[in-house]
There are 2 protein chains.
Amino acid sequence: MSQVSPDAIERLLSRRGYRLTAPRRNLLEVMASLGDHFSADAVVGAAPEVGRATVFRTLRLLQDLGVVCQVVLDDGTLAYRLAPEEHHHHALCVECGSVEDFSSPALESVLREVEEATGFSVEAHRLELYGRCAACRAASN
Amino acid sequence: MSQVSPDAIERLLSRRGYRLTAPRRNLLEVMASLGDHFSADAVVGAAPEVGRATVFRTLRLLQDLGVVCQVVLDDGTLAYRLAPEEHHHHALCVECGSVEDFSSPALESVLREVEEATGFSVEAHRLELYGRCAACRAASN
DNA sequence: CAGATACTGACACTGAGTCTCGATTGCGAC
DNA sequence: GTCGCAATCGAGACTCAGTGTCAGTATCTG
Ligand SMILES: [Mn+2]
Ligand SMILES: [Mn+2]
Ligand SMILES: [Zn+2]
Ligand SMILES: [Zn+2]
C-alpha cells in the first residue's frame, strides 16, 4: 500500500518493454511533486516542455500499468493520483482536499454478497468516500 | 426505490418554489424517454427547442432536488439518470449497458466500521459496480 | 553505430460544462 | 383578468478535458 517512486515506475516501464524517454521521466517527476492528486492540466502546466498529447498518453499508459489511478471528486470531475498497484479506494477530505487510500476486506466480502443476492457479477468497482479526515476533525474540535 | 415520474417531479418543483416552465416540462419528458441513463448531450439532442445552458442548469437543479443522479461510467465519463430519491448505488452492465440501482445495509455498516478504524468521518460516498447483469449472464450461458 | 519503430509535439477537433446578458414568462398580488 | 417583476431562458462565446493525425525524433537492439 506504499507510494510508488518515479524510479520504480521507470524500471516497471522498461521491464514491460516501454521506452524510457525524457518526456516520461519528466512527467513522473512532475506528478510526484504535485501532491496526492492532480488534474491533467496541472501536469500540463508543470511540464511545459512536454506536449499536451503526450501528457494524456502517459496518464493513460500509467493507468494501464496500474501506477496511476483516477479519483472522482465530489462534483464528478476526475483527478489522477500516483497510487499503489493494489486494489484500493479513496477517502477525500472536503476540508483540506487530501486523499487517502484505504482497503477493506469486509467491504469486498459484502460485494460478494451483493453478487449472490442480485445475480450481477462484479468485475470491477469504484468506491469514493467524501468527508473529513482525522487531522481536520482534530483541528476544528 | 421506484422510478420517479415526470409528473411527480413537476409537483416537487412547485412545492419547492421553482417555476413550472415549458423547457422544464419538456426536459422531464425527454429524460424519461431516454432510458436508464443518458449523457447531457443526448438530452440536448433530444430537446432541440431547449437551449444548451438550460439543459445543464436543469440537470443540476434536478440533482440538487435528488431526482437525478450521476453515474460514473467505467472510463470515468459521467452520465445522468432519473433516480429514486433514496440513497443508492449503481450496477452497470458492461455488456448491455444497463444500469440498475441497489442498496445494501451491510455495505453501509461496513463504512461505519471504516470510519471508526481510520478516524475519517464519511459525509457522502459513491459506489459503482461494473460487471455483467443477470440477464446477460443467462443469455450467454 | 545504423535501422526499425516506438514515441513525440504541434495542431485541429470534439464533447462537457460555465458565464453573461438581453429577452421572456410564470405566478402572486391586486 | 392583468400587471409587475423576479425567475428563467437562449444565444453564443468561452474554458477545460481528452482524442486523432501525421511528419519528425529518439530509443533500443543488433
Ligand atoms: Mn473494493
Ligand atoms: Mn452507500
Ligand atoms: Zn482534511
Ligand atoms: Zn447486461
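1. A residue is near a molecule or strand if one of its heavy atoms lies within 4 Å of it. By that criterion 21 residues surround DNA strand C, and the closest are A:Thr21, A:Arg57, B:Asp41, B:Arg52 and B:Tyr80. Of the atoms of DNA strand C within 4 Å of the protein, sugar or phosphate contributes 59%, and bases supply the rest.

2. On provenance and conventions: this is a predicted model, in which local features need pLDDT of at least 70 and side-chain atom pairs count only at pLDDT 80 or more, while totals for chains, interfaces and linings use all residues. Residues are numbered from 1 along each chain as its sequence is written, chains are lettered from A and ligands numbered from 1 in the order in which they are written, and side-chain values use heavy atoms, with hydrogens and water left out.

3. The side chain of A:Arg19 places an N or O atom 3.1 Å from a base nitrogen of DNA strand C. The backbone is represented by A:Gly51, with an N or O atom 3.2 Å from a phosphate oxygen of DNA strand C.

4. Secondary structure follows DSSP runs: helices (H or I, at least four residues) and strands (E, at least two), numbered from the N terminus. In these terms, α2 (22-33) and α4 of chain A, with α3 (40-46) and α4 of chain B, each supply at least two residues of the surface near DNA strand C. The greatest contribution there is that of α4(B), with five residues.

5. DNA strand D has 22 residues around it, of which A:Asp41, A:Arg52, A:Tyr80, B:Thr21 and B:Thr54 come nearest. Sugar and phosphate make up 58% of the atoms of DNA strand D that come within 4 Å of the protein. A base nitrogen of DNA strand D is 3.1 Å from a side-chain N or O atom of B:Arg19. To the surface near DNA strand D, α4(A) gives the most, with five residues.

6. Which residues hold the zinc ion (ligand 3)? Donors are N, O and S atoms within 2.8 Å of the metal (3.2 Å for Na, K and Ca); water is not among the atoms, so sites may look incomplete. The zinc ion (ligand 3) is coordinated through SG atoms of A:Cys93, A:Cys96, A:Cys133 and A:Cys136, at 2.2 to 2.4 Å. Along the chain these donors follow the spacing C-x2-C-x36-C-x2-C. A:Cys96 lies in the loop between β3 (89-93) and β4 (99-102) of chain A, and A:Cys136 in helix α6 (residues 134-139), so the pair ties together parts 40 residues apart in sequence.

7. A:Cys96 is partly exposed at 43%, whereas A:Cys136 is buried at 10%.

8. The manganese ion (ligand 2) is coordinated by B:His87 (NE2), B:His89 (NE2), B:Glu108 (OE) and B:His125 (NE2), at 1.9 to 2.2 Å. Its donor residues are spaced H-x1-H-x18-E-x16-H in sequence. Distant parts of the chain are linked by B:His89 in strand β3 (residues 89-93) and B:Glu108 in helix α5 (residues 105-118), 19 residues apart. B:His89 is buried, with a relative accessible area of 1%, and B:Glu108 is buried, at 18%.

9. Chain A has six helices and five strands, running α-α-α-α-β-β-β-β-α-β-α from the N terminus on. Its C-alpha trace spans about 50 × 40 × 25 Å along the principal axes. Of the 141 residues of chain A, 45% count as buried.

How values were computed. Buried < 20%, exposed > 50% of the residue type's maximum accessible area, 1.4 Å probe, protein only. Polar contact = N/O pair within 3.5 Å; in protein donor to acceptor, adjacent residues only side chain to side chain.
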